[in-house]
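This report describes one protein model, from its overall organisation down to selected residues. The sequence and structure come first.

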Amino acid sequence: MKMKPVEILLLLLCLNVAVFGVIGNPPTCPADIDSKCGDSGEWEGEFFPGIPKIKYEGPTSKNPLAFKWYNADEEILGKKMKDWLRFSVAFWHTFRGTGGDPFGAPTKNWPWEDGTNSVAMAKRRMRANFEFINKLGVDRWCFHDRDIAPDGKTIEESNSNLDEVVALAKELQGTKIRPLWGTAQLFVHPRYMHGGATSPELHVYAYAAAQVKKAMEVTHYLGGENYVFWGGREGYQSLLNTDMGRELDHMGRFLQGAVAYKKKIGFNGTLLIEPKPQEPTKHQYDWDAATTANFLRKYGLIGEFKLNIECNHATLSGHSCHHDLETARLDGLLGNIDANTGDPQTGWDTDQFLTDIGEATLVMLSVVRNGGLAPGGFNFDAKLRRESTDVEDLFIAHILGMDTLARGLRNVAKIIEDGSLAELVRKRYQSFDTEIGAQIEAGKADFEFLEKKAIEWGEPKVPSAKQELAEMIFQSAL
């Protein structure tokens, strides 16, 4: 029987519906600049084809694209792991890292990059960011304003660029994802060569204030939980041409202005300061946790700010990460952690993913003692090594960092449940658990009274610190 043209057309339409009803959506475009299957400038395919959503498979798994220790909903010490750790992806390292260094050209050439810093390219990166976040299984991200949107020729143009990209970010993050924190990049552009809040040039100070104002607004709009200040160039190269007192006063006024504007717009997130001793400047005013806490006290900012401790910065200042975390915690200022580490043989800010189980355990010991970090969390301010150039390396690096901290949390649970380390510390200070020790700690024992007791008791007997035993107990938990 010969079919009429209209019957043939109907048959083809039915076959088309039947086929797609079986196989689902048609094949999507690959997310690379050579793709020819879309004319809109925005493909609808995957940026990371072939990489599934990362799942927990346990310590025996050999799958590099699976968690071995991080099991998000598993309860440890009364909280789910995801609530202790609150992981976040750093946009600047993950999607703007090039592998370049002072001695060599960039080595990263992600398939979606077109070599421009246009708004269209910024929006493409933002789509890649959220596919990555969803596949990794985290629900937070962090950003600098100029990393997610290009700088314009004027403040108005820069703000317009940012608004366009942020509108897309708001759409893509939906209701389940939000920024852990946002910030303004006040260190790359030549205008900030002498700093932003501490620049000797009033016009630069005003420009920096305008940029922070806008960055705070978009962080608030996106539902950000915190806002960070990192004074990469808030410091000096030489005191011969620097009025340090005036610069510190200017920085204090700048941060007071930020507090006032935060309250004006109804932003309820925590303001954070990230200490770092030097690099790029010779000396940065927020040297370490203790220096920054003292600055906050001087300018009446205690209660308005907490600290974002970066492990690599702590070691650059001559401390361990654990030291700066404990310093911040004891001051009630521990707000967030940039989870990274440096290379002791390199000696500069290498921003490597934290992979040392012992260090991760010490970090988590401080976090648990702090009762957690919320509304802060762990941000992976870390980048792939220059020689790691495969797209899947982005996932492997984050999986390794997440597993390392999760393993540290599990180790802390073992240390607490065992109790031996806490008992060792208790015994070391047990002489202060006496009546006279309590008087000293309450400020009720003056020097005349203590002199009488010292004469009565004679030469003190000093017990062993048991450091090796403490280290043995700690190592047994690893």
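Among contacts in the protein between residues at least 6 apart in sequence, 74% join residues at least 24 apart. The model is predicted. Its secondary structure comprises 17 helices and 14 strands. Along the principal axes, the C-alpha atoms fill a box of roughly 120 × 60 × 45 Å. The protein has 478 residues, of which 47% count as buried.

**Cysteines**

The structure holds 1 disulfide. The bond joins cysteine 311 to cysteine 321, with an S to S distance of 2.2 Å. The torsion about the S-S bond of cysteine 311 and cysteine 321 is about -50 degrees, so this disulfide is left-handed. The pair links distant parts of the chain, 10 residues apart: cysteine 311 belongs to helix α10 (residues 311-316) and cysteine 321 to helix α11 (residues 321-330). Both cysteine 311 and cysteine 321 are buried.

Cysteine 142 takes part in no disulfide, and the nearest cysteine sulfur, that of cysteine 311, lies 15 Å away.

Is glutamate 326 buried or exposed? With a relative accessible area of 14%, glutamate 326 is buried, because buried means under 20%.

| Residue | Relative accessible area | Class |
|---|---|---|
| Cysteine 142 | 0% | buried |
| Glutamate 326 | 14% | buried |

Leaving aside neighbours within four places in sequence, glutamate 326 is in contact with Ser366 and Arg369.

**Packing of α14 and α17**

Two packed helices are described by the angle between their axes and the distance between the axes. For helix α14 (residues 420-428) and helix α17 (residues 467-476), the angle is about 160 degrees and the axes are 9 Å apart. Angles over 145 degrees count as roughly antiparallel, and α14 and α17 are therefore roughly antiparallel to each other. The crossing of α14 past α17 is left-handed.

Which residues make the contact? From α14 come Ser420, Leu421 and Leu424, and from α17 come Leu469, Ala470 and Ile473. By class, the contact of α14 with α17 has 5 nonpolar residues, 1 polar residue and no charged residues.

Definitions and conventions: Residues numbered from 1 in each chain as written. Predicted model: local features only at pLDDT ≥ 70, side-chain atom pairs only at ≥ 80, totals over all residues. Heavy atoms only, no water. Axes fitted to C-alpha atoms, helices over the stretch in contact; angles between N-to-C directions. Helix = DSSP H or I, 4+ residues; strand = E, 2+ residues; numbered from the N terminus. Parallel < 35°, antiparallel > 145°, perpendicular 65-115°, else oblique. Left-handed = near helix turned anticlockwise from the far one by under 90°. Contact = heavy atoms within 4.5 Å. Nonpolar A, V, L, I, M, F, W, Y, C, P; charged D, E, K, R; others polar. Disulfide = S-S within 2.5 Å. Buried < 20%, exposed > 50% of the residue type's maximum accessible area, 1.4 Å probe, protein only.
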